[in-house]
Amino acid sequence: MNTNENLTNQVQALLVESLRVPTGQVTSELAFGDLPQWDSMGHMEVMMALETQFGVEINADTIAALISIPAIVAYIQENGHA
């Protein structure tokens with residue numbers, strides 16, 4: 001498994017936990033609004049979990065940009081300690 005796949009899997013697991021949804025509902029292409037649980041409140045849960053797990057700093061501009069698993073993975077690769 002390459003680093004990108006591993007990171008994608010970690011982000012998917014984080015979303016499953018943060019949004020409290022079954023694993024099967026979180027695909028590698030999932031985006032904000034695809035699940036009822038990934039609403040504005042769910043998004044804040046996800047952002048806080050990302051900061052904690054990956055040591056990334058997420059500001060207001062970043063919150064608005066991190067609206068899909070691919071976007072989150074790319075941000076962590078560029079800015080994180082994954």
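This is a predicted model: local features need pLDDT of at least 70, side-chain atom pairs count only at pLDDT 80 or more; totals for chains, interfaces and linings use all residues.
The face of helix α2 that is turned away from its buried side carries the exposed residues M41 and T52.

**Helix α2: length and faces**
- Helix α2 comprises 15 residues, numbered 40–54, and at 1.5 Å a residue these should span 21 Å, which agrees with the 21 Å that separates its end C-alpha atoms.
- The buried residues of α2 are G42, H43, V46, M47, L50 and F54.
- Because these buried residues fall within an arc of 140° when the helix is seen down its axis, they line one face of α2.
- Among the elements that cover the buried residues of α2 are α1 (3–19), α3 and α4.

**Helix α2: its two ends**
- At the start of α2, D39 places a side-chain oxygen within 3.2 Å of the backbone nitrogen of M41, and M41 is also one of the exposed residues on the face turned away from the buried side.
- After α2 comes G55, whose phi is positive, near 65°.

- With a relative accessible area of 16%, S68 is buried, because buried means under 20%.
- A polar atom of the S68 side chain lies 3.2 Å from the backbone nitrogen of A71.
- When its neighbours within four places in sequence are left aside, S68 is in contact with L30, A31 and W38.

Conventions
Residues are numbered from 1 along each chain as its sequence is written. Side-chain values use heavy atoms; hydrogens and water are left out. Buried means under 20% relative accessible area, exposed over 50%, partly exposed in between (1.4 Å probe, protein chains only). A polar contact is a pair of N or O atoms within 3.5 Å; within protein, one must be able to donate a hydrogen and the other to accept it, and residues adjacent in sequence count only if both atoms are side-chain atoms. Contact means heavy atoms within 4.5 Å. Helices (H or I, at least four residues) and strands (E, at least two) are DSSP runs, numbered from the N terminus. The expected span of a helix is 1.5 Å times one less than its number of residues. The arc is that of the directions from the helix axis to the C-beta atoms.
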